[in-house]
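Thanks for coming. I have one model to go through today, and I will take it piece by piece. Please have the sequence and the structure open while I talk.

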Amino acid sequence: ENILLPADIPAPRQGGDLLVRRFGVPVNDVLDQIQRRGARLSLLILDACRDNPFPRQGTRSLGGTRGLARMEAPEGAYIMYSAGAGQAALDRLSDDDPDPNSVFTRALLPRLTTPGMRLRDMVLEVRSEVRQLAMSVGHDQFPAVYDQLDGEFLFIPAALTPDPQLPGAQASCAAAQSVWAALQNSEDETALTAFATGYAATCPTLADRAREQLAALQDRELLANCESLAGEDSVSWEALRGGNTRAAAEACRAAVEVFPDDPDALHALGRALQAAGDHAEALRWHRRAAEAGNSRSMHQIGVFHQHGLGVAQDYAEALRWYRRGAEAGHLMSMSNIGYLHYNGQGVRRDDREAARWFMQSLHGAPGRVEWVREHAPTWRRDTLREVQRILQEAGVYDGALDGVFGPRTRAALEAYANLD
């Protein structure tokens, strides 16, 4: 009997076949469940190693055998294994193989979305390709097939012949409707392209919807590419400045053309230009992102004014933008307000106000603990004394208000960061 096993199933002790049955799924049960629901065609494709993973532990052990049982397909069923009985299926061709899919699956996938390819023709091609790939590394693997199917089956017809029993537009789209039902929420660009091409003449309405869905997916990819190259959460400033600025700017310009009002795309473009040193142009895009509600761009505009990047240095304007970012919940904007008070830039020097803003950026933000460990030891004793006072009022510090950054103050800061 063939049983599908979860990858992390523990090896059973001698005679422990009950464990395997409890955690495994008999293949015959899968087919039985499908056919009980009235399916006229049951197609089961298993990319399984067909190997018994358990070591032999005695004469009644489950382990030690090589290859699984031959299957007799019930009527109306078509079963395909990635390897023959007694063979092991290859996950990869070598340790350096870059393909994430197994040898069998990489041969199968492109054919599932080839218009006009009949099931049996597809299987012949897959079996031949798998055998050739396996032989190239000295391995014996030939997918097994158990066929009790009457008639032909295609995943995607090459073109549809309208049913003369159905009038007009209804006839041209009758078959397309059933295919579209499976594709309408799909993100498979190959399948959507094949559908749009295959049904362009016979069902143009659904073909147009497939093209629209494909365009929306490609648009989302533009935005994802921009954010992956320049996004603040995924790429450090050092990495961005290290050679990706041009690629990031080009990707984000393309995304902004499609999503002209998307605050994240606008911010990412500003960030890429900022890393490239084009501060005036970066500031323009950060302003657009900030007006669209992006708090990270509000913070960056504050940075530009605080340090005079692409604009005249203006501490009051920096403070205004940091306050906007803080109101939107941006933690670094809060800590930068603290530093303006700490240094007396644009406002009078005020240790209490500096401490208040430092602690506001830390409260309930455990991710900021590392920032505190790095910066707090450099603060003046008067500032640290105010920090200790805030920690004491929050009930996480009972030491002296001495302005010394010792172990108790450090522990209290970490506890403060974890307060709800």
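Let me start with the residue classes: Ala, Val, Leu, Ile, Met, Phe, Trp, Tyr, Cys and Pro count as nonpolar, Asp, Glu, Lys and Arg as charged, and the others, Gly among them, as polar. What you see is a predicted model, in which local features need pLDDT of at least 70 and side-chain atom pairs count only at pLDDT 80 or more, while totals for chains, interfaces and linings use all residues. Residues are numbered from 1 along each chain as its sequence is written, and side-chain values use heavy atoms, with hydrogens and water left out.

First, the overall picture. The protein has 17 helices and five strands; these are DSSP runs numbered from the N terminus, with helices being H or I of at least four residues and strands E of at least two. Of its 420 residues, 43% count as buried. Buried means under 20% relative accessible area, exposed means over 50%, and partly exposed is in between, with a 1.4 Å probe and protein chains only. Contact here means heavy atoms within 4.5 Å. Among contacts between residues at least 6 apart in sequence, 56% join residues at least 24 apart.

Now the strands. Strand 3, residues 42–46, pairs with strand 4, residues 77–81, in the parallel sense over five bridges; a pair requires that DSSP finds at least two bridges between the strands. Leucine 46 stands opposite tyrosine 81 of strand 4. In a regular strand the side chains alternate between the two faces of the sheet. Which residues of strand 3 make up the covered face, and which the uncovered one? Ser42, Leu44 and Leu46 are on the covered face, whereas Leu43 and Ile45 are on the uncovered one.

Next, the disulfide. The cut-off is a pair of cysteine sulfur atoms within 2.5 Å, and by this rule the count comes to one. A disulfide is a covalent bond between the sulfur atoms of two cysteines. Here cysteine 226 is joined to cysteine 252, with S to S at 2.2 Å. The link of cysteine 226 and cysteine 252 is right-handed, with 90 degrees about the S-S bond. The pair links distant parts of the chain, 26 residues apart: cysteine 226 sits in helix 7, residues 204–230, and cysteine 252 in helix 8. Cysteine 226 counts as buried because its relative accessibility is 0%. Cysteine 252 is likewise buried, with a relative accessible area of 0%.

Helix 8 also holds arginine 253. Is arginine 253 buried or partly exposed? At 36% relative accessibility, arginine 253 counts as partly exposed. Leaving aside neighbours within four places in sequence, arginine 253 is in contact with Leu269, Leu273, Glu281 and Trp285.

Grid points are joined across faces, edges and corners, and a volume is the space filled by probe spheres set on the points.

The second largest pocket has a volume of about 360 Å³. Its lining consists of 19 residues, and His299, Val303, His307, Met332 and Asn336 lie nearest its centre. Helix 8 (237–258), helix 11 (295–307), helix 13 (331–343) and helix 15 (369–375) are the elements that give two or more residues to this lining. By class, the lining of this pocket has seven nonpolar, 10 polar and two charged residues.

As for cavities, the structure holds two of 30 Å³ or more. The second largest cavity has about 30 Å³ of space. Its lining is Val369, Val372, Arg373, Phe405, Arg410, Leu413 and Glu414, and the elements that give two or more residues to it are helix 15 and helix 17 (407–417). The classes in this cavity's lining are four nonpolar, no polar and three charged.

One last residue. Leucine 319 lies in helix 12, residues 315–327, and counts as buried at 12% relative accessibility. Apart from neighbours within four places in sequence, leucine 319 is in contact with Ile337, Leu340 and Val347.

Definitions and conventions
On a 1 Å grid over the protein atoms alone, a cavity is a set of points where a 1.4 Å probe fits but cannot get out, and a pocket is an open set with protein on both sides within 12 Å along at least five of seven lines; lining residues have an atom within 4 Å of a point.
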